[in-house]
Amino acid sequence: MKTLGLLGGMSWESTAIYYRLLNEIVRERLGGLHSAKLLLWSFDFSEIAERQHHGDWHGAGALLTDAARKLEAGGAEGLLLCTNTMHKLADPVQASVSIPLIHIADATAAAIRQAGLRRPALLATRFTMEQDFYKGRLADKYGLSPVVPDDAGRDMVHRVIYEELCQGVVSEASKAAYVAEANRLRREEAADSLIMGCTEITMLIGQGDFDIPVFDTTRIHAEAAVEFALG
């Protein structure tokens, strides 16, 4: 089994879910007392979020690449960015190390294509919904046509992530708002599926809330990482 290096703490709420999923999936595959071999670098998320919201992606990238190198030096054989948004910096992070980075958008796109779907609704941070690093990868590399909420919808989805989910708050009102927004995208934008495109969103909604396929990026990413580790 290869050792996985996790760039986590963005936020720790979803990193805790990654830790549980990685170990559960390894146990399911191997049985007995098996668990995942992991190294975790957990950021103080306040330092990352401040740079995100001030547009200081260079500064954020410096923090991530430094941590990635330390994980590699510590024995990591594969790397996970335990966040969708910070995949904006996936290329410089990958360039900073010699071990492979398992890309969350690639794993998610593969699952969507395998299901025969093409037009997923994307709920995520504003950065992920508005910038091209994620949507563009889904479109250019995999031929998908992701759709996102309008400005008011993006505001609501982003606010819930940072003001509630990243702080461990799970609200029924916010859940209802997310479900309504996804259903609106299905009706008005012909979305055929839903990407939970922020790793914290798995705390709020899931497949049971919808009658279209839902792609939980946290679980999909964890499953792809275990495939790599055991391959």
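Me: Which residue in strand 6 stands opposite Ile195?
Reply: This is a predicted model, in which local features need pLDDT of at least 70 and side-chain atom pairs count only at pLDDT 80 or more, while totals for chains, interfaces and linings use all residues. Residues are numbered from 1 along each chain as its sequence is written, and side-chain values use heavy atoms, with hydrogens and water left out. Strands are DSSP runs (E, at least two residues; helices are H or I, at least four), numbered from the N terminus. The residue of strand 6 opposite Ile195 is Phe215.

Me: How many bridges join strand 5 to strand 6?
Reply: Two strands count as paired if DSSP finds at least two bridges between them. Strand 5 covers residues 193–196 and runs parallel to strand 6, and the bridges joining strand 5 to strand 6 number three.

Me: Which elements give two or more residues to the lining of the largest cavity?
Reply: A cavity is a set of points, on a 1 Å grid over the protein atoms alone, where a 1.4 Å probe fits but cannot get out, and lining residues have an atom within 4 Å of a point. The largest cavity is lined by 14 residues, among them Met10 and Glu200. The elements giving two or more are helix 2 (45–53) and helix 8 (151–163).

Definitions and conventions:
On a 1 Å grid over the protein atoms alone, a cavity is a set of points where a 1.4 Å probe fits but cannot get out, and a pocket is an open set with protein on both sides within 12 Å along at least five of seven lines; lining residues have an atom within 4 Å of a point.
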